[in-house]
Amino acid sequence: MSTSRQLIIEGIRWTPYQVPLRSSFTSAHERLVTRDGIIVELHTSSGTIGIGECAPLPEFSGGTLQDVMGCLPFVAPRLQGLALSDALAQLDQLQDTLPTAARCGLETAVLDALGQHYRCSLATLLALPDLIEPPTAQDLAQAASQVRTSVPVNTVIGAQEVEAAVEQARQAAAQGFSCIKLKVGPQLRQTVELVAAVRAALGPTIHLRLDANESWDFELARSILSSCELWSIQYVEQPLPRTDLAGMAALRRAVPISIAADEVLSDLESARRVLARNAAGIFVIKPQLAGGPRQSQRMIREATAHGVRCVITSTIESGVGVVMALHLAAAMPEITLECGLATLPLLIDDLIQETLPIENGHMTSPTAPGLGVHLKQATLTRYAGSN
Ligand SMILES: O=C(O)CCC(=O)c1ccccc1C(=O)O
Ligand SMILES: [Mg+2]
């Protein structure tokens with residue numbers, strides 16, 4: 001196997017996009033109408049192109065789209081001329097100076113090119129014990145054998161009137177989803193009514209999870225979750241503000257429902273703080289916000305070592321970012337719960353040529369080299385943003 005050392009980064013291009021959602025999507029944070037992000041294309045000396053996506057969520061962490069746009073002209077030249085493996089090391093070194101989504105997009109593009117070079121999927125690359133170069137054919141076969149072919153996913157239902165949410169939940173169950181996540185807000189009666197109605201409509205076996213996106217305080221959380229105990233909730237994401245680690249830890253003791261950390265997880269350090277405070281039983285890992293697939297892997301391994309289970313989710317980005325997260329989920333045996341990756345149908349267009357079907361509540365990571373997906377250039381041009 002030839003080493004990737006001969007493979008040099010010749011240039012990096014980036015294109016901002018703004019893709020409308022099919023219909024607006026509401027959480028306790030905001031009402032999302034369009035999704036903005038940046039597609040990165042990395043050209044190598046062998047003529048291959050690696051792609052990646054930067055799609056920050058400013059209300060979470062890691063900066064704004066403008067922050068990412070602002071840093072790319074400075075980072076790109078520092079990667080240019082480097083071998084792919086040196087570029088990964090360089091990104092690690094720059095880690096603290098880059099918005100996490102920038103690091104995520106650049107790292108994805110490097111790994112996509114690396115996977116194409118070794119003719120293995122990104123999932124296989126991520127399942128290697130180490131990215132020591134070059135992996136032998138046996139290393140790659142061993143890693144490939146650990147990759148799951150199919151990843152169970154949940155669907156997510158935006159905050160809305162009970163009747164409409166129940167109808168969407170019915171449709172999701174009919175499509176084969178066995179896990180449904182409901183976005184909820186700071187209303188006690190409406191939330192309990194919603195959970196009861198969805199549970200009644202779906203029967204006892206579907207997994208139901210809630211996402212409060214920080215909109216509750218301790219007493220409201222205790223009331224809602226105590227009232228929902230009967231309806232069997234898999235877990236609730238970020239019930240309390242991200243700063244309230246003590247409240248999260250106390251809530252875990254006060255209610256018999258698992259508490260998941262989401263907004264509070266902005267990097268490895270924040271994950272360590274949550275683990276140290278015993279503030280969550282589950283981690284929601286968004287590779288865009290964690291700083292890319294490899295940083296996500298570090299967080300997932302530390303969490304797992306502490307008995308905390310992890311879920312990988314999208315940030316409602318395009319197919320480029322979602323397929324990266326799907327490869328990550330497929331590569332890691334630690335990931336056993338349903339992942340929040342069924343979000344491409346929310347967008348008018350996913351910007352990729354391939355389709356990533358959701359069948360019976362599962363998604364399959366591509367086996368083609370690298371990410372295994374390619375940009376629809378004309379569509380990217382059509383949705384090119386003005387950022
Ligand atoms: O988890 C999912 O099913 C989809 C991902 C999701 O809900 C989400 C998407 C964009 C921004 C925030 C969130 C969130 O989990 O809070
Ligand atoms: Mg969440």
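Reader: Where is Lys183 found?
Author: Lys183 is found in strand β6, residues 179-183 (strands are DSSP runs of E, at least two residues, and helices runs of H or I, at least four, numbered from the N terminus). This is a predicted model, where local features need pLDDT of at least 70, side-chain atom pairs count only at 80 or more, and totals for chains, interfaces and linings use all residues. Residues are numbered from 1 along each chain as written, with chains lettered from A and ligands numbered from 1 in written order.

Reader: Buried or exposed?
Author: Lys183 counts as buried because 22 C-beta neighbours lie inside 10 Å (the cut-off is 20 or more, with C-beta atoms placed from the backbone; 12 or fewer is exposed, in between partly exposed).

Reader: Which residues does the "active site" annotation cover?
Author: In the unreviewed UniProt entry, Lys183 and Lys286; such annotations may be inferred rather than shown by experiment.

Reader: And where does Lys286 sit?
Author: Lys286 is in the loop between β10 (282-285) and α11 (287-290). Lys286 is buried too, with 28 other C-beta atoms within 10 Å.

Reader: What is Lys286 in contact with?
Author: Beyond neighbours within four places in sequence, Thr313 and Thr315 (contact is C-beta atoms within 7 Å). On that basis, the contacts of Lys183 include Thr26, Val156 and Asp211.

Reader: Switching to ligand 1, which residues come nearest?
Author: Of 15 residues around ligand 1, those are Val156, Thr313, Thr315, Ile316 and Gly340 (C-beta within 6 Å counts as near).

Technical notes. Contact = placed C-beta atoms within 7 Å.
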